[in-house]
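This report describes selected features of one protein model. The sequence and the structure are shown first, and the description follows.

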Amino acid sequence: MGLLLLLTVGIYLYTQKVKNAKIILRQKNKLDELNVSKDQLFSIVSHDLRSSVNALKTSNAKLSATLETKNYDELHQLIIQNSGIANGAYSLLDNLLHWALLQTKQLYFHKESVHLFSIVQQIEHNYKPLLLDKSITFENLVPKNSFIFVDLDSLKIILRNLLDNAIKFSNENGKISFYTQENNATFCQLVIEDKGLGMNEKTIEELLKDSELLAKKSNSETIGTGLGMQLCKQMIKKNGATIQIESELHKGTKIIVTFPKTEQNG
């Protein structure tokens, strides 16, 4: 009996040791993957920021030369260009900050009733230089009586990133529309639609994956951080909302975000 008990204890301890070793190995592999993603992320962010700063330096040099010639049309274009570059760099840094806060669970969420039309109008105003640079028409067709129950700061980040992507993948003289689809009394579907490059089903699946951080692009920008979409997905989830993507190559994209309405929350 003593030998049998000793053998049972030995087998149990060995089994637990093997089980713990497997858990440790899985955790190590996961940490290795996260470290690789982190290194890639900061490498790409650093590259993008350096590119933005270099573009700003070049544009400022042209601006100084144009001031001497007093070519006001060219001055106007350069100012719009500088504003777009600065806006892009700011958005990248802001995304990085909020992503870090989300990872460390330091981001504060406070849900309240938000007037959706006004927020879309504000986002449009902030991105006016980029819209003008590509001669893109912007339509805010959100009803003025539409109120949703969300965290305001995270809503702005969501809309800003979705608009930024729509502009990036729109053609010159394109059109971007924000409008709602009312399917029921408790939720409001906000649609961000562009007529740009579009994407295939595989790209849509990759973008909607929870673990997708780095996203390859099919156009001249061979790779991007995917940080904006990752932030959007996490913040949409925290607001009790959902996201869908409908797209077709060379025909455009619809991003559909379903938010809870104010009414159901009092």
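The sections below treat confidence, strand pairing, backbone angles and a surface patch in turn.

## Model and confidence

The structure is a predicted model. The average pLDDT of the protein is 83, and 87% of the residues reach a score of at least 70.

Residues 214–223 form a stretch in which pLDDT stays under 50. Where pLDDT is low, predicted coordinates should not be read in detail.

Strand β5 covers residues 187–194. Seven of the eight residues in β5 are buried, that is, they have under 20% relative accessible area. The strand is thus described as mostly covered.

Strand β4, residues 175–181, runs antiparallel to β5, and six bridges link the two. One of the bridge pairs joins T180 to L190 in β5. Five residues lie between β4 and β5, and the two strands form a hairpin.

Strand β9 comprises residues 252–260 and is joined to β5 by eight bridges, again in the antiparallel sense. Here V191 stands opposite I256 of β9. In a regular strand, side chains alternate between the two faces of the sheet.

## Positive phi angles in loops

Most residues other than glycine have a negative phi. Two residues of this model are described here against that background.

S135 is not a glycine, yet its phi is positive, near 55°. The loop that holds S135 lies between α4 (128–133) and β2 (137–140). With a relative accessibility of 39%, S135 counts as partly exposed, a class that lies between the 20% and 50% limits.

H250 also has a positive phi, of about 65°, although it is not a glycine. H250 is located in the loop that connects β8 (242–248) with β9, and β9 is the strand that pairs with β5 over eight bridges. The relative accessible area of H250 is 67%, so this residue counts as exposed.

Which residues make the nonpolar surface patch of about 490 Å²? The patch is made by M1, L4, L7 and I11. Of these residues, L7 has its place in helix α1, which spans residues 2–69.

Technical notes: Residues are numbered from 1 along each chain as its sequence is written. This is a predicted model: local features need pLDDT of at least 70, side-chain atom pairs count only at pLDDT 80 or more; totals for chains, interfaces and linings use all residues. Side-chain values use heavy atoms; hydrogens and water are left out. Patches are made of residues with over 30% relative accessible area and no salt bridge: like charges are joined within 9 Å, nonpolar side chains (Val, Leu, Ile, Met, Phe, Trp, Tyr) within 5 Å. Accessible areas come from the Shrake-Rupley method with a 1.4 Å probe; for residues, only the protein chains shown count as cover. A salt bridge is a side-chain nitrogen of Lys or Arg within 4 Å of a carboxyl oxygen of Asp or Glu. Helices (H or I, at least four residues) and strands (E, at least two) are DSSP runs, numbered from the N terminus. pLDDT is the predictor's confidence in each residue, from 0 to 100. Contact means heavy atoms within 4.5 Å. Buried means under 20% relative accessible area, exposed over 50%, partly exposed in between (1.4 Å probe, protein chains only). Two strands pair if DSSP finds at least two bridges between them.
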